[in-house]
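The following exercises concern a single protein chain. Please work through each task with the structure at hand before reading the solution.

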Amino acid sequence: MTDVTVAIRQARGSDADGMARVHVQSWRSTYPGLIPAQFLVALSEPPAAQRWAAIAETRGPGRGAFVAVDVAGRIAPPGGIVGIASFGTQRVAVQGHAGEFHALYLLDDAKGYGIGRRLMAAMADSFLTAGIHSAAVWCLRDNPSRWFYERLGGIKVAERPIRFANTDLVEIAYGWRDLTPLARLSAGPEVR
């Protein structure tokens with residue numbers, strides 16, 4: 001792996017286009033065979049950018065969004081967004097967990113450098129700062145990247161059937177009852 005210099009910072013409305021690009025590209029590379037192809041093909045960056053602009057501007061205690069920016073331009077053009085994350089109140093209640101990690105998406109070329117770990121740590125730290133000490137994340141049971149959450153200490157705490165894009169799927173929730181260890185992962189050596 002090449003040396004990669006990535007900065008994690010709070011998202012801004014002006015990041016919306018880059019956030020949408022990461023969202024669409026990551027869905028198209030992660031979900032083939034899980035979500036119908038016609039849905040993935042129909043994903044469009046302009047509507048996604050509108051949603052991400054609103055998410056980026058939503059800030060407050062225990063809610064917001066972060067971006068991972070390639071400072072040196074090794075994965076993306078210098079200053080390009082290579083990862084995104086959002087968090088806030090629970091959309092689907094998980095007993096014993098106060099917050100929810102809503103989204104975590106990386107470009108394929110950004111995987112393996114600890115960027116996802118650092119984004120999760122930034123969200124956990126923001127929750128802790130707001131007095132929220134536990135959180136969960138929902139992901140598709142068949143998502144090949146779901147083991148990432150287990151490697152970060154998440155424990156499977158719930159499972160539920162969902163209907164998405166006219167397809168029956170199963171989601172599982174991973175939870176952290178104490179976010180302190182997850183927040184400390186931001187100091188790891190993989191990425192500066």
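**Exercise 1. The sheet**

In what order do the seven strands of the open sheet lie, and what kind of pairing do they show?

Solution. The model under study is a predicted one.

Step 1. The strand order is 1-2-3-4-5-7-6, and the pairing is mixed.

Step 2. Strand 1 (6–10) and strand 6 (155–164) each have a single partner strand, so they stand at the edges and one side of each is left without a neighbour in the sheet.

Step 3. From one strand to the next, the twist averages 30°.

**Exercise 2. The antiparallel pairs of strand 7**

Determine how many bridges join strand 5 to strand 7, and how many join strand 6 to strand 7.

Solution. Step 1. Strand 5 (residues 135–140) runs antiparallel to strand 7 (residues 167–176), and six bridges join them. Within this pair, Tyr174 of strand 7 is the residue opposite Val137.

Step 1. Strand 6 and strand 7 are likewise antiparallel, with nine bridges between them. Here Asp168 of strand 7 stands opposite Arg163.

Step 2. Two residues separate strand 6 from strand 7 in a hairpin, and Ala165 in the turn adopts a positive phi of about 50°.

**Exercise 3. Helices on the sheet**

Identify the strands that helix 4 touches, and decide why it can be called largely enclosed.

Solution. Step 1. Helix 4 (residues 115–129) packs on the sheet and is in contact with strand 1, strand 2, strand 3, strand 4, strand 5 and strand 7. Its direction makes about 150° with that of strand 4.

Step 1. Twelve of the 15 residues of helix 4 are buried, so the helix is largely enclosed by the rest of the structure. Among these buried residues are Arg117, Arg118, Met123 and Phe127.

Step 2. Just after helix 4, Gly131 takes a positive phi of about 85°.

**Exercise 4. The chain as a whole**

Describe the overall architecture of the chain, and explain why it can be considered as compact as a globular protein of its length.

Solution. Step 1. The chain has six helices and seven strands, arranged along the sequence as β-α-α-α-β-β-β-α-β-α-β-β-α.

Step 1. The radius of gyration is 16 Å, close to the 16 Å that the globule rule gives for 192 residues; the chain is therefore as compact as a globular protein of that length.

Step 2. Along the principal axes, the C-alpha atoms fill a box of roughly 40 × 40 × 30 Å.

Step 3. Of the 192 residues, 50% count as buried. Carbon and sulfur atoms hold 53% of the accessible surface, which comes to about 9,400 Å².

Step 4. Among contacts with a separation of 6 or more, 68% come from residues 24 or more positions apart.

Methods: Residues numbered from 1 in each chain as written. Predicted model: local features only at pLDDT ≥ 70, side-chain atom pairs only at ≥ 80, totals over all residues. Heavy atoms only, no water. Pairing = 2+ DSSP bridges. Helix = DSSP H or I, 4+ residues; strand = E, 2+ residues; numbered from the N terminus. Axes fitted to C-alpha atoms, helices over the stretch in contact; angles between N-to-C directions. Contact = heavy atoms within 4.5 Å. Buried < 20%, exposed > 50% of the residue type's maximum accessible area, 1.4 Å probe, protein only. Rg over C-alpha atoms; globule rule 2.2 N^0.38 Å. Areas by Shrake-Rupley, 256 points an atom, 1.4 Å probe, with all protein chains shown as cover.
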